[in-house]
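Please look over the chain below.

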Amino acid sequence: MKKFLYKTLTFITISISLICVSFIFTNFLINKNAKFKLGKVNNVIFGHSHSECAFNDSLINNFKNLSQSRQSYFYSYQKIKKVLLQNNDIENVFIEFTNNQINEVMNEWIWDDLSISSRSIYLPFLDKTDVNLLLNKNSKSFITGSSKSFRNNLINLLLFDYNYTDKMGGYHWLNRFKTDSLITTLVKDTLVFHEKKHPLSNKNIEYLEKIVTFCKDKNVNIYFVRSPQHIYTNARKNEKIFIKIKNEKFKNIILLDFNDFPLDNNEFGDFEHLNYRGAKKFSLWFDELLKNGLLSKNNKNKFIFNEMNKVRTHNNAYK
């Protein structure tokens with residue numbers, strides 16, 4: 001009986017060791033060979049669904065949208081590291097920085113079951129600190145996600161498929177028109193912003209700091225961007241703490257604030273996302289801003305404010 005148990009334990013130990021070695025080795029090969037080439041692009045934006053739906057990069061010259069829905073800064077950081085290391089033409093990195101990204105819910109976007117599973121393609125690029133974070137917060141899903149990543153990595157290795165360029169996200173053509181129906185369901189007093197305390201995601205903010213540091217180390221210009229949001233959105237209830245965090249932790253980073261870009265209700269998919277109509281209008285306008293030297297202006301937000309007023313004047317002239 002003892003001999004049987006010894007053999008069984010030895011077999012299990014060897015099997016687990018082989019699995020671990022195989023997992024580490026495939027991650028090493030993927031990390032070494034993964035391709036994140038974008039071509040000759042100087043401007044890139046990263047973020048979650050706000051920028052994913054707002055910036056139609058087919059309408060913006062020399063610009064690539066690599067945003068992805070429900071993506072925290074934890075996973076954007078992994079992507080940014082690989083993209084900047086493999087694309088020396090990139091001069092400017094734009095990071096979506098908006099109200100909900102400081103909220104506690106962003107913790108779920110890092111380590112809940114859905115996030116770990118849907119972002120398993122990034123597991124080969126995690127460092128020791130990143131791995132420990134996921135293991136400590138959700139070890140079960142990390143193991144499940146690692147298994148999924150291992151299977152996909154094996155397939156990619158067998159097919160010599162190392163291209164991640166088309167797996168990183170991109171502009172989302174949103175065909176949705178919910179804004180008018182959302183407005184009709186609102187009670188009048190819900191339209192007033194009541195500032196209150198919101199628990200923060202310190203971990204998401206920490207990884208934004210890592211992104212900033214990495215971009216600076218690579219001598220790449222970094223700008224924060226806030227995409228347009230509808231005037232009735234509840235997302236801005238944390239505006240005071242949002243601005244406080246910006247000023248305290250990222251005071252040297254310019255926030256290009258497009259929050260109040262004038263759009264009609266039928267150009268929003270909902271209160272926080274532009275549909276394809278709004279994205280077209282906003283993207284063409286943003287393209288003109290870049291062509292007119294936005295990034296070289298001394299007071300960039302004053303320039304943005306003045307240009308938005310021109311859009312309002314034009315819109316009012318045709319009403």
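The report runs from the whole chain to single residues.

This is a predicted model, in which local features need pLDDT of at least 70, side-chain atom pairs count only at pLDDT 80 or more, and totals for chains, interfaces and linings use all residues. Residues are numbered from 1 along each chain as its sequence is written, and side-chain values use heavy atoms, with hydrogens and water left out.

The protein chain has eleven helices and five strands; helices (H or I, at least four residues) and strands (E, at least two) are DSSP runs, numbered from the N terminus. Of its 319 residues, 48% count as buried. Buried means under 20% relative accessible area, exposed over 50%, and partly exposed in between (1.4 Å probe, protein chains only). Among contacts (heavy atoms within 4.5 Å) with a separation of 6 or more, 79% join residues 24 or more positions apart.

The axes of helix H3 (residues 73-86) and helix H8 (residues 202-217) come within 8 Å and cross at roughly 10°. H3 is therefore roughly parallel to H8, a term for angles under 35 degrees. Axes are lines fitted to C-alpha atoms, for helices over the stretch in contact, and angles run from 0 to 180 degrees between N-to-C directions. Residues making the contact include Tyr73, Phe74 and Tyr77 of H3 and Tyr207, Leu208 and Phe214 of H8.

Proline 228 lies in the loop between strand S4 (221-226) and helix H9 (239-249). At 1% relative accessibility, proline 228 counts as buried. Beyond its neighbours within four places in sequence, proline 228 contacts several residues, among them Phe258, Phe261, Phe268 and Phe282. Serine 51 is 177 residues from proline 228 in sequence but 9.0 Å from it in space, C-alpha to C-alpha.

The structure holds eleven salt bridges, each a side-chain nitrogen of Lys or Arg within 4 Å of a carboxyl oxygen of Asp or Glu.

| Salt bridge | N to O distance |
|---|---|
| Aspartate 161 and lysine 167 | 3.7 Å |
| Arginine 226 and glutamate 239 | 3.0 Å |
| Lysine 310 and glutamate 307 | 3.0 Å |

Arginine 226 is buried at 2% relative accessibility, and glutamate 239 is buried at 16%. Lysine 310 and glutamate 307 are three residues apart in helix H11 (residues 300-317), so about one helical turn separates them. Lysine 310 is exposed at 52%, whereas glutamate 307 is buried at 14%.

Methods. Parallel < 35°, antiparallel > 145°, perpendicular 65-115°, else oblique.
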